[in-house]
Amino acid sequence: MEPTCPAIHYTTPFLCLFIFLVITAVGILHGKVALVTGASSGIGAAIAEHLAVAGAKVALAARRADRLNELQAKIQHQGGIAVTVLMDVCDAQQV
């Protein structure tokens with residue numbers, strides 16, 4: 001199925017990259033803390049890594065400890081600060 005607006009389909013990744021580059025260059029995130037749920041894989045992991053590169057301290061939250069630990073090590077190896085939090089956001093007692 002084709003997107004309703006092909007221009008949006010092709011420009012969105014470039015817009016996201018542009019916004020990330022601006023945030024990184026300006027240093028808006030230095031000294032800030034970000035909580036990223038679903039950080040063990042996919043978009044959550046990518047967002048967490050990019051936030052760390054942009055200067056944020058990142059709390060990585062998800063259910064899979066092994067993957068969180070791998071991402072934490074990767075972020076720390078790149079000079080970022082990250083902590084892991086085992087959490088299932090569907091369980092109110094864990095949130």
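Mentor: One term to begin with: buried means under 20% relative accessible area, exposed means over 50%, and partly exposed lies in between, with a 1.4 Å probe and protein chains only. Buried residues make up 25% of the 95 residues in this protein chain.

Trainee: What sort of model is this, and how are residues numbered?
Mentor: It is a predicted model, where local features need pLDDT of at least 70, side-chain atom pairs count only at pLDDT 80 or more, and totals for chains, interfaces and linings use all residues. Residues are numbered from 1 along each chain as its sequence is written, and side-chain values use heavy atoms, with hydrogens and water left out.

Trainee: What is the average pLDDT?
Mentor: pLDDT is the predictor's confidence in each residue, from 0 to 100. The protein chain averages 81. At least 70 is reached by 72% of the residues.

Trainee: Where does pLDDT stay under 50?
Mentor: Over residues 1-10. There the model has 1 contact beyond four places in sequence. Contact means heavy atoms within 4.5 Å.

Trainee: How many helices and strands are there?
Mentor: The chain has 3 helices and 3 strands. Both are DSSP runs numbered from the N terminus: helices are H or I with at least four residues, strands are E with at least two. Along the sequence the pattern is α-β-α-β-α-β.

Trainee: Which residues make up the largest nonpolar core?
Mentor: It has 12 residues in all, including Val36, Ala48, Val58, Leu71 and Ala82. A nonpolar core is a set of buried Ala, Val, Leu, Ile, Met, Phe, Trp, Tyr and Cys residues joined through side-chain atoms within 4.5 Å. The elements giving two or more residues to this core are α2 (42-53), β2 (57-62) and α3 (65-77).

Trainee: Let's do α2. Which of its residues are buried?
Mentor: Gly44, Ala45, Ala48, Glu49 and Ala52. Down the axis of α2 they fall within an arc of 130 degrees, so they line one face of the helix. The arc is that of the directions from the helix axis to the C-beta atoms.

Trainee: Why would residues spaced like that point the same way?
Mentor: An α-helix has 3.6 residues a turn, so residues three or four places apart point the same way.

Trainee: And what covers that buried side?
Mentor: The cover includes β1 (33-37), β2 and α3. On the face of α2 turned away from the buried side sit the exposed residues Gly42 and Ile43.

Trainee: Why does Glu49 count as buried?
Mentor: Because its relative accessible area is 18%.

Trainee: On to α3. What do its buried residues pack against?
Mentor: They pack against α2, β2 and β3 (82-86). The buried ones are Leu68, Leu71, Gln72 and Ile75. Seen down the axis of α3, they fall within an arc of 105 degrees, so they line one face. Glu70 and His77 are exposed on the face turned away from it.

Trainee: What follows α3?
Mentor: Gly79, whose phi is positive, near 95 degrees. α2 is followed by Gly55, with a positive phi near 110 degrees.

Trainee: Now the strands. Is Val36 buried or exposed?
Mentor: Val36 is buried, with a relative accessible area of 6%. It is in strand β1. Among the residues that Val36 touches beyond four places in sequence are Gly44, Ala48 and Leu60.

Trainee: And Leu86, buried or exposed?
Mentor: Leu86 is exposed, at a relative accessible area of 56%. Leu86 is in strand β3. Its C-alpha is 8.3 Å from that of Leu60, which lies 26 residues away along the chain.
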